[in-house]
Amino acid sequence: MKLAIFCDFDGTITQNDTLQFLLDHYVGDAWNEVEDKVEAGLLPEKEALQLEMDFLKVDEKSAFEALDKNIKIDETFKDFTNWCKEHNFELIVLSGGFRKIIEFVFQKNYIGSIKIYSNDFFVDSKNKWKVIPSNSPKINGLCNHCKTFHLEEIRTNFDKIVYIGDGTTDRCPAQKSDWVFAKKGLAKFLGEKNFPFFEFRDFAEIKSKLELLTDKKLEESN
Ligand SMILES: [Mg+2]
């Protein structure tokens, strides 16, 4: 069976969201008002992300030192990446966050090469943080990085689209996927919509569930 597995980064692969960590650490709770509007669907992510970055005044080096000390990934993720490789499942990280941070966290945790699509950022000489939106095409233009585009781009090459996520930018692609693994805000959102999903705590659980699902599908086709 050919599986494409799309996976969010912040709060899904990492135990906590890296941008939310930086904002909590350096700003306090002033940015929560922006995030609450996004959660409630009152403010598109496309505008909200830069508004949140505007709160940050820290230099990039200090920010990365803080990330280095405080950000941990799901301990079962590395094994999951190896399992995907063994089965020729296509694992793709789709993030509404930033490539520089993702690559930093992966390198630190000895995670090998994985396809990543995300936004990025730069910090200018006055420590102003600027979003560089993903340059991949957008379907409805509400997000800096349209995650759903990547599903649509390769959908016909795969038997099933799997989606793993936790947050607001996962709502759209999750609802376009065959098998969805959700936690936190995404689980709540999908539950309220009666959209079917599997709740998960870690990637070991996702692996076990996918083993069952793919075996079952193989039996059905025999
Ligand atoms: Mg997330």
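1. In this predicted model, Asn-194 is exposed: 6 other C-beta atoms lie within 10 Å, and a count of 12 or fewer is what makes a residue exposed. Asn-194 sits in the loop between helix 9 (184-192) and strand 7. Its phi is near 55 degrees, a positive value in a residue other than glycine.

2. Most residues other than glycine have a negative phi. Asn-88 is another residue to check on this point, with a positive phi near 55 degrees. Asn-88 belongs to the loop between helix 5 (77-86) and strand 2 (90-98). With 9 other C-beta atoms within 10 Å, Asn-88 is exposed.

3. Which strand pairs with strand 7, and in which sense? Strand 6 (residues 179-182) does, in the parallel sense, over two bridges. Phe-181 has Phe-198 in strand 7 as its bridge partner.

4. Helix 2 (residues 32-39) and helix 3 (residues 45-53) have axes that come within 10 Å and cross at roughly 165 degrees. Helix 2 is therefore roughly antiparallel to helix 3, since angles over 145 degrees count as such. The crossing is left-handed.

5. At this contact, Val-34, Lys-37 and Val-38 of helix 2 meet Glu-45, Ala-48, Leu-51 and Glu-52 of helix 3. Four of the contact residues are nonpolar, three are charged and none is polar.

Technical notes
Residues are numbered from 1 along each chain as its sequence is written. This is a predicted model: local features need pLDDT of at least 70, side-chain atom pairs count only at pLDDT 80 or more; totals for chains, interfaces and linings use all residues. Two strands pair if DSSP finds at least two bridges between them. Helices (H or I, at least four residues) and strands (E, at least two) are DSSP runs, numbered from the N terminus. Axes are lines fitted to C-alpha atoms, for helices over the stretch in contact, and angles run from 0 to 180 degrees between N-to-C directions. Angles under 35 degrees count as roughly parallel, over 145 as roughly antiparallel, 65 to 115 as roughly perpendicular and the rest as oblique. A crossing is left-handed if the near helix is turned anticlockwise from the far one by less than a right angle, and right-handed if clockwise. Two residues are in contact if their C-beta atoms, placed from the backbone, lie within 7 Å. Ala, Val, Leu, Ile, Met, Phe, Trp, Tyr, Cys and Pro count as nonpolar, Asp, Glu, Lys and Arg as charged, and the others, Gly among them, as polar. A residue is buried if 20 or more other C-beta atoms lie within 10 Å of its own, exposed if 12 or fewer, and partly exposed in between; C-beta atoms are placed from the backbone.
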